[in-house]
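Please open the model in your viewer and keep the selection panel at hand.

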Amino acid sequence: MRIEFARKIEKFVKAKINRLFIKEDDFSIISNNCWGTFLYKKYGIPYKSPFVNLLLFAPDYIKLVKNFSIETLEKLSFIEHSESKFKDELIRIGIYEDNYPIGVIDQKYEVHFLHYKTKEDAYDKWMRRIKRINPNKLVFKFSDGDLFEEWMGKEFCNLPYKNKIMFTSKELPEVDCNVYLPEFASKGRVRDEWKYSAKYFNSNDFINGLK
């Protein structure tokens, strides 16, 4: 109990210190996985986006951000795992039997709420966090996992959004918003990129340079 409390205090203090290095905290991260969750925690910032503690498969994520609107995010319903268009992939990676809710935005884009226990909890937090989105300070983040194909990365970095960042397991010199993470080169895909991205990506500079 004391150890857990001490860890919470340590995280709180670190977040307060990290917060001193950025100029603002009113940015909203639209991410295909939990990367935004960890960035908000790093600086002790309340979630300004519903895209936390979840996963979107790359084919749906790239379509969603190409047609992004806050109004569309509000159209959230739920399906059973057996109804997922990615059922085969869920089975392959071993999460088909996991008891988590699957949402669908606008009856098109699946949202896998991996760290939520019920549909009600996922829906409530999703809707509450939509209201916190700052449409004038959006950050779009992508990575090359979960059915990613290289053309998706190129399309992502060519989107007309001011603030974009992508992490991949291979070098893509022709894609200017990409950050290569060599730790994943032999795996062919990025996973848990927040564990390594700080070595190659300065989040302080990125946040301070948001447009």
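A residue counts as buried under 20% relative accessible area, as exposed over 50%, and as partly exposed in between, with a 1.4 Å probe and protein chains only. The model is predicted, so that local features need pLDDT of at least 70 and side-chain atom pairs count only at pLDDT 80 or more, while totals for chains, interfaces and linings use all residues. Residues are numbered from 1 along each chain as its sequence is written, and side-chain values use heavy atoms, with hydrogens and water left out.

**Aromatic rings**

The structure holds 19 aromatic pairs; rings of Phe, Tyr and Trp (its six-membered ring) pair if their centres lie within 6.5 Å, and planes under 30 degrees apart are stacked, over 60 edge-to-face and the rest tilted. Select W35 and F167 to begin: their ring centres are 5.6 Å apart and their planes stand at 50°, so this pair is tilted. W35 belongs to helix 2 (residues 35-43) and F167 to strand 6 (residues 164-168), so the contact ties together parts 132 residues apart in sequence. Helices (H or I, at least four residues) and strands (E, at least two) are DSSP runs numbered from the N terminus. W35 is buried at 2% relative accessibility, and F167 is buried at 0%.

Next, select F51, F78, F113, Y116 and W126, which ring pairs link into a cluster. Then turn to F38, where K41 lies over the ring face at 5.9 Å from the ring centre; the rule asks for NZ of Lys or CZ of Arg within 6 Å of the centre and within 35 degrees of the ring normal.

**Salt bridges**

The count comes to 18 salt bridges, each a side-chain nitrogen of Lys or Arg within 4 Å of a carboxyl oxygen of Asp or Glu.

Select K85 and D60, whose closest N and O atoms are 3.0 Å apart. K85 sits in the loop between strand 2 (76-79) and helix 5 (87-93) and D60 in helix 3 (residues 58-66), so the bridge ties together parts 25 residues apart in sequence. D60 is buried, at 1% relative accessibility.

K119 is partly exposed at 34%, as is E80 at 44%.

Move on to K199 and E183, which meet in a salt bridge of 2.7 Å, N to O. K199 is exposed at 59%, whereas E183 is partly exposed at 24%.

Finally, select E150, K154, K170 and E174, which are linked in a network of salt bridges.
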